[in-house]
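Hello,

Here is the structure we talked about handing over. Please open it alongside this email; my notes follow below.

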Amino acid sequence: MGDSPDNTDSPPWDTGEQDNTPSAAELEAAGQNSMFGDAPAEPEKPAEPAPQAVEPKPAPAPAAAPAQANQPYRVLARKYRPQTFSELIGQEPMVRTLANAIERDRLAHAFLMTGVRGVGKTSTARLIAKGLNCIGPDGQGGPTIDPCGVCEPCTAIAEGRHIDVIEMDAASHTGVDDVREIIEAVRYAAVSARYKIYIIDEVHMLSRNAFNALLKTLEEPPAHVKFLFATTEVDKLPVTVLSRTQRFDLRRIPSEMLQEHFGKICGLENVEAEDEALHMIAAAAEGSVRDGLSILDQAIAHADLGGEGKVTAERVRDMLGLSDKTAQRRMLGLLLAGDGKGLLAAMADQYALGVEPLALLRGLMDLVHRITVAQVGGGEPDAPTSEERAALKDWAGKLSPGQLHRLWQLLLKGHEEVRQAPDPLISAQMALLRALHAADLPDPGKLAKKLEHLATTGIAAAPAGGEGGAPAAPAASANWKELVEQVEQNGNHLASSIMRLQVRVVSLESQTLRFSRPEQFKDDISAQLRDALMGATGDRWTVEECDEGGEMSLVEQDEAAQRSALEQLKKHPLVEATMAVFPDAEMVEEDNSAPQSRKAWGR
Ligand SMILES: [Zn+2]
């Protein structure tokens with residue numbers, strides 16, 4: 001890296017900066033300091049100040065080496081700051097509007113550039129300043145959307161030394177005095193340029209008084225003055241300011257466009273980079289060219305130190321603390337297949353490789369999101385590698401939308417837990433196992449079905465006359481049940497049916513049966529019972545009907561047992577919750593009570 005034959009003359013601010021790695025001040029100047037801190041770059045910083053000069057390079061011409069050493073390192077974000085509107089990526093609509101305004105000479109007095117950090121707000125402001133003040137190579141040109149870049153105003157503005165283009169950072173100059181200075185100066189005509197241009201960055205940071213002072217000037221600015229405001233937080237601007245400016249919303253730059261851009265820059269820097277590596281950098285940049293270039297800077301530095309000088313996906317992944325895409329897919333596969341053991345082993349592997357549990361969860365969430373998007377979008381999923389596309393497509397076909405959303409929620413909850421947990425790994429394990437086991441829970445859509453199922457299997461499993469429900473059947477009852485079965489086996493179905501339905505046993509001992517019956521039964525069945533019992537047992541029986549008392553009949557006992565089981569079932573938290581939500585729901589018994597086999601995630 002580092003050889004940039006296209007750029008031999010260095011701007012004044014770069015002279016003297018002979019250090020080959022971006023200095024803290026440089027990163028600071030490029031606004032990149034806050035993103036990753038200095039953690040990843042520092043530990044690998046060698047003692048020698050110029051790593052690539054020391055490193056043996058295979059092919060460089062001997063003459064090239066000293067030139068390289070003299071070439072100061074500039075952070076990519078600064079080196080590749082767009083010098084023309086065509087170099088400004090991702091902001092075509094704004095550039096078109098601006099071109100029209102310049103062409104028709106209908107420029108506003110004040111512009112407001114909004115957008116997230118690093119999308120090119122100040123770059124755009126400088127480009128506008130150039131466009132307005134460019135005089136062309138021959139010194140005869142007028143305002144243009146296509147500044148020549150070679151005339152005195154163009155070069156002076158690019159180097160930040162034009163006397164009539166005043167840049168001010170409102171973050172550090174918030175007071176009314178700072179603004180007053182501007183207002184005073186506004187009255188004087190431009191010294192050398194067509195327009196006097198004030199670029200105020202982070203304009204929302206100005207104090208209320210400062211805004212008020214500015215407002216008067218904004219209302220009736222002199223014709224030779226233009227204000228270019230930039231802000232990340234447009235909501236904080238007073239309406240009075242908004243109403244006096246032409247607003248341009250700079251868009252987040254799509255990840256694909258960033259990837260392409262970074263690819264080009266790698267080409268210019270003679271750095272080889274894997275597509276997936278650039279993809280990861282573009283994704284991490286979240287729409288900001290500057291943030292992306294800052295990561296790329298670090299990645300290139302790492303690649304140089306690492307040997308071949310190639311920016312690989314593996315190194316970028318390490319640098320960003322991302323988990324491996326292949327590993328992520330494998331883990332999701334294990335989770336969906338219900339393989340808890342395999343899942344824990346895979347997690348342990350990732351952890352050993354230095355992947356943070358939180359990043360693990362994040363990776364899985366990202367994957368689930370992409371599957372969902374692929375499912376909604378249909379067609380070919382958007383992914384950097386063919387393996388990933390195939391996997392996304394496969395899952396998008398297999399999983400139902402409900403399952404994907406549930407999985408997302410489980411992972412999101414897990415993510416929150418892991419963030420707060422004293423031991424993130426354990427928390428991550430529990431979260432993923434919970435997601436895995438959730439395959440056993442039914443879809444909300446299938447819940448009703450499952451409840452019916454639970455009702456049936458629950459009753460079958462509950463012992464007859466369980467705790468708290470029907471009274472436990474005493475020995476007499478057990479004997480009675482045996483007797484009834486004997487009568488039935490003897491072929492006396494009428495008698496056995498009467499015995500089940502009507503007879504409440506009061507006592508049963510040594511061939512003497514004392515019983516009562518529910519009051520609706522009036523006829524005398526004593527003789528019938530005596531015959532049936534004798535027929536079944538061969539013994540002579542004494543049968544006596546009493547007015548009251550006795551245990552429940554066998555039929556009554558069955559009914560009570562079922563009621564009890566149902567009550568038990570209703571106390572099940574899942575059922576309780578369902579009943580609370582659907583108060584009118586009722587439980588229906590289903591004949592098919594074959595136990596449902598454990599089901600893995602699948603449609
Ligand atoms: Zn010019």
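**The sheet and its strand S4**

Strand S1 (residues 110-114) pairs with S4 in the parallel sense, over five bridges. Within that pairing, Thr114 has Thr231 in S4 as its bridge partner. Please keep in mind that this is a predicted model.

Strand S3 (residues 196-201) is joined to S4 by five bridges, and the two run parallel. Ile197 stands opposite Lys226 in S4. Ile199 stands opposite Leu228 in S4.

**How covered is S4?**

S4 spans residues 225-231 and is mostly covered; seven of its seven residues are buried. In a regular strand, side chains alternate between the two faces of the sheet. So which residues of S4 lie on each side? One side carries Val225, Phe227, Phe229 and Thr231. The other carries Lys226, Leu228 and Ala230. Both faces are covered, and the residues on both are all buried. Note that this includes Lys226, the residue opposite Ile197.

**A helix pair**

The other item is a helix contact. Two packed helices are described by the angle between their axes and the distance between the axes. Here, helix H16 (residues 325-337) packs against helix H18 (residues 357-377) at an angle of about 75°. Their axes are 10 Å apart. Why call H16 roughly perpendicular to H18? Because angles of 65 to 115 degrees count as roughly perpendicular, and the angle here is about 75°, H16 is placed in that class.

- From H16: Gln328, Arg329, Met331 and Leu332.
- From H18: Gly363, Leu364 and Leu367.

By type, the residues of this contact divide into four nonpolar, two polar and one charged.

Best wishes

Note on methods
Residues are numbered from 1 along each chain as its sequence is written. This is a predicted model: local features need pLDDT of at least 70, side-chain atom pairs count only at pLDDT 80 or more; totals for chains, interfaces and linings use all residues. A residue is buried if 20 or more other C-beta atoms lie within 10 Å of its own, exposed if 12 or fewer, and partly exposed in between; C-beta atoms are placed from the backbone. Helices (H or I, at least four residues) and strands (E, at least two) are DSSP runs, numbered from the N terminus. Two strands pair if DSSP finds at least two bridges between them. Axes are lines fitted to C-alpha atoms, for helices over the stretch in contact, and angles run from 0 to 180 degrees between N-to-C directions. Angles under 35 degrees count as roughly parallel, over 145 as roughly antiparallel, 65 to 115 as roughly perpendicular and the rest as oblique. Two residues are in contact if their C-beta atoms, placed from the backbone, lie within 7 Å. Ala, Val, Leu, Ile, Met, Phe, Trp, Tyr, Cys and Pro count as nonpolar, Asp, Glu, Lys and Arg as charged, and the others, Gly among them, as polar.
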